[in-house]
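Trainee: Before the discussion begins, may I ask to have the sequence and the model placed before us?

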Amino acid sequence: MQRLQDRVAVITGAAGGIGLATARRFAEEGARLVLADLDEEAGRRAAEEVGGLFVRADVSQEDDVVRMFATAFDEFGSVDIAFNNAGISPADDDSILTTGMDAWRRVQEVNLTSVYLCCKHVIPYMQRQGKGSIINTASFVAVMGSATSQISYTASKGGVLAMTRELGVQFAREGIRVNALCPGPVDTPLLRELFAKDPERAQRRLVHVPLGRFARAEEIAAAVAFLASDDASFVTAAEFLVDGGISGAYVTPL
Ligand SMILES: NC(=O)c1ccc[n+]([C@@H]2O[C@H](COP(=O)([O-])OP(=O)(O)OC[C@H]3O[C@@H](n4cnc5c(N)ncnc54)[C@H](O)[C@@H]3O)[C@@H](O)[C@H]2O)c1
């Protein structure tokens with residue numbers, strides 16, 4: 001499929017995980033890519049692999065975000081797709097009773113303030129073009145509670161979801177679609193290592209997934225490509241769950 005032929009896409013957190021899988025998928029579909037990440041080495045490697053341009057950016061810093069979109073526009077002449085995906089979930093973000101202000105603030109800055117900054121600075125390009133698709137990465141934890149808490153992470157993703165809905169509504173008649181991607185747990189190297197060491201911990205989570213497994217990053221990327229493309233031309237302000245059925249489940253199959 002070449003649904004993104006010659007569209008210019010900026011992907012944050014593109015050096016690994018969901019971001020990298022999406023960069024690969026976007027490249028297959030014909031997009032011209034700007035890959036942004038803090039990790040310069042992995043980011044450059046990723047950009048080389050998909051034939052894109054790497055920009056080192058800390059998405060919680062306004063100057064970096066402004067420069068990132070300006071680079072995309074200067075290089076390619078438009079900014080058609082913004083996948084605002086970079087995020088962190090550090091170990092010191094835990095129960096509300098033990099999470100300190102430092103962890104709270106750090107996670108809010110990287111997960112929520114970054115999405116505010118990216119939307120704020122990409123929308124003017126899209127307004128001038130009269131079109132654009134923004135996909136902000138939230139999470140299934142934005143719509144469900146968890147007893148294994150990461151309090152700032154959950155609150156940040158709730159913020160991403162609400163902000164996305166509002167922007168989707170506000171800019172709908174200007175041809176700009178804004179959707180929140182809510183992935184379920186994804187089988188990343190980190191998660192695999194953690195759960196290989198602790199099968200009980202894995203089982204505690206897997207029992208809630210009707211499909212009985214975690215997502216592959218490519219399955220999340222496929223959903224992002226759909227939202228980015230004209231196939232999703234009537235989809236905006238959506239809470240787009242790609243979660244293996246978790247959010248719909250009460251009792252799961254044995
Ligand atoms: N993996 C999951 O199970 C899962 C589930 C739901 C939602 N998500 C969300 O999906 C997104 C991607 O997650 P992932 O699992 O691919 O993570 P990942 O850790 O594999 O990749 C995240 C990338 O973001 C980059 N990054 C971190 N802070 C940054 C900053 N300040 N500026 C620029 N880049 C920065 C990292 O260097 C990394 O390359 C995140 O927003 C995450 O919260 C992940």
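Mentor: S4, helix H4 (residues 101-129) and S5 form a right-handed β-α-β unit. Helices (H or I, at least four residues) and strands (E, at least two) are DSSP runs, numbered from the N terminus. A crossover is right-handed if, with the strands pointing away from the viewer, the path from the first strand over the helix to the second runs clockwise. This is a predicted model, in which local features need pLDDT of at least 70 and side-chain atom pairs count only at pLDDT 80 or more, while totals for chains, interfaces and linings use all residues. Residues are numbered from 1 along each chain as its sequence is written, and side-chain values use heavy atoms, with hydrogens and water left out.

Trainee: Through which helix does the chain cross from S5 to S6?

Mentor: S5 and S6 pair in the parallel sense over six bridges; two strands pair if DSSP finds at least two bridges between them. Within this pairing, Asn136 stands opposite Ala180 in S6. The β-α-β crossover from S5 to S6 is right-handed, and the helix it passes through is H5.

Trainee: Which residue stands opposite Ile135 in S5?

Mentor: S4 and S5 run parallel and are joined by four bridges. Opposite Ile135 in S5 stands Phe83.

Trainee: Why is S5 described as largely enclosed by the rest of the structure?

Mentor: Buried means under 20% relative accessible area, exposed over 50%, and partly exposed in between (1.4 Å probe, protein chains only). In a regular strand the side chains alternate between the two faces of the sheet. On one side of S5, Gly132, Ile134 and Asn136 are buried, and on the other Ser133, Ile135 and Thr137 are buried. S5 is largely enclosed because its buried residues number six of six.

Trainee: Which elements cover the buried residues of H8?

Mentor: Helix H8 (residues 217-228) reaches 16 Å from its first C-alpha to its last, and its buried residues include Ile220, Val224 and Leu227. What covers them includes helix H1 and strands S4, S5, S6 and S7.

Trainee: With which side chain does the side chain of Ser152 make a polar contact?

Mentor: Ser152 is found in helix H5 and, at 0% relative accessibility, counts as buried. A polar contact is a pair of N or O atoms within 3.5 Å; within protein, one must be able to donate a hydrogen and the other to accept it, and residues adjacent in sequence count only if both atoms are side-chain atoms. At 3.0 Å, the partner of the Ser152 side chain is the side chain of Gln108.

Key: Expected span 1.5 Å × (residues − 1). Contact = heavy atoms within 4.5 Å.
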